[in-house]
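Visitor: I have not looked at this one before. Can you take me through it?
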Amino acid sequence: MATKIRLQRGGRKGYAFYRIVIADVRAPRDGKFTEKIGTYNPNTNPATVDLNFERALYWLECGAQPTDTVRNILSREGVLLMKHLKGGVKKGAFDEAAAQAKFEAWKQAKTAGFDAVKANDAKAKAKAKADAIEAEKKKAEEIAKKVAEKKAAAEAAAAEAEAPQTEEAPAEEA
């Protein structure tokens, strides 16, 4: 029996949610499956993946072929790397401890990369917020200047109106 590791769609219209399943190649997308090994939610940022690492590795070693999207998910989670490292152990390129050390180093580097991206996003958000506040302050200062100018003009006009006006006597009476 040829098996595939693929996505099975769930969720409502416009809000897809997927199960990562082991299924026969001939089965329809949302049809019968052998085993559910995880879930994939592309609606969150970043996409949320809940995967049973050991079962995914087992099925890959049994010869199950992942679809393109599932291959990307498994690669991001490190399942394909672990399969590759186990192949190196079987061939005698290195021992199990070295393979585990390489995997842990990869996992740490990946975690550090995610942390760096999160830190950069947080800095960008803080900078954008500070820029927005600064722009708002400048705008408020400009409005305050305009209001002060209008008040000064109004006060000058009022002072001019209150000042005693000296009218010249008409020349005809003299």
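Guide: What follows goes from the core to single residues, then to a helix and the rings.

Visitor: What kind of model is it, and how are residues numbered?
Guide: This is a predicted model, in which local features need pLDDT of at least 70 and side-chain atom pairs count only at pLDDT 80 or more, while totals for chains, interfaces and linings use all residues. Residues are numbered from 1 along each chain as its sequence is written, and side-chain values use heavy atoms, with hydrogens and water left out.

Visitor: How many residues does the largest nonpolar core have?
Guide: The largest nonpolar core has 23 residues. Such a core is a set of buried Ala, Val, Leu, Ile, Met, Phe, Trp, Tyr and Cys residues joined through side-chain atoms within 4.5 Å. Buried means under 20% relative accessible area, exposed over 50%, and partly exposed in between (1.4 Å probe, protein chains only).

Visitor: Which residues have the most contacts inside it?
Guide: Ile 5, Ile 20, Ile 37, Leu 51 and Leu 74.

Visitor: And which elements give two or more residues to this core?
Guide: Strands 1 (3-12), 2 (15-24), 3 (35-41) and 4 (48-51), along with helices 1 (53-61), 2 (68-77), 3 (79-91) and 4 (96-162). Helices (H or I, at least four residues) and strands (E, at least two) are DSSP runs, numbered from the N terminus.

Visitor: Where is Glu 35, and is it buried or exposed?
Guide: Glu 35 is in strand 3, and it is buried, with a relative accessible area of 18%.

Visitor: Which side chains does it make polar contacts with?
Guide: The side chain of Glu 35 makes one with the side chain of Arg 55 at 2.9 Å and one with the side chain of Trp 59 at 2.7 Å. A polar contact is a pair of N or O atoms within 3.5 Å; within protein, one must be able to donate a hydrogen and the other to accept it, and residues adjacent in sequence count only if both atoms are side-chain atoms.

Visitor: New topic. Which residues are buried in helix 2?
Guide: Val 70, Ile 73 and Leu 74. They cover an arc of only 95° around the axis, so they are on the same side of helix 2. The arc is that of the directions from the helix axis to the C-beta atoms.

Visitor: What is on the other side?
Guide: Asp 68 and Asn 72 are exposed there. After helix 2 comes Gly 78, whose phi is positive, near 95°.

Visitor: Now the rings. How many aromatic pairs are there?
Guide: The count is four. Rings of Phe, Tyr and Trp (its six-membered ring) pair if their centres lie within 6.5 Å; planes under 30 degrees apart count as stacked, over 60 as edge-to-face and the rest as tilted.

Visitor: Why is the pair of Tyr 58 and Trp 59 edge-to-face?
Guide: Because their planes are at 75°, with the ring centres 5.5 Å apart. Tyr 58 is partly exposed at 39% relative accessible area, whereas Trp 59 is buried at 14%.

Visitor: Which residues form an aromatic cluster?
Guide: Phe 53, Phe 103 and Trp 106 form one.
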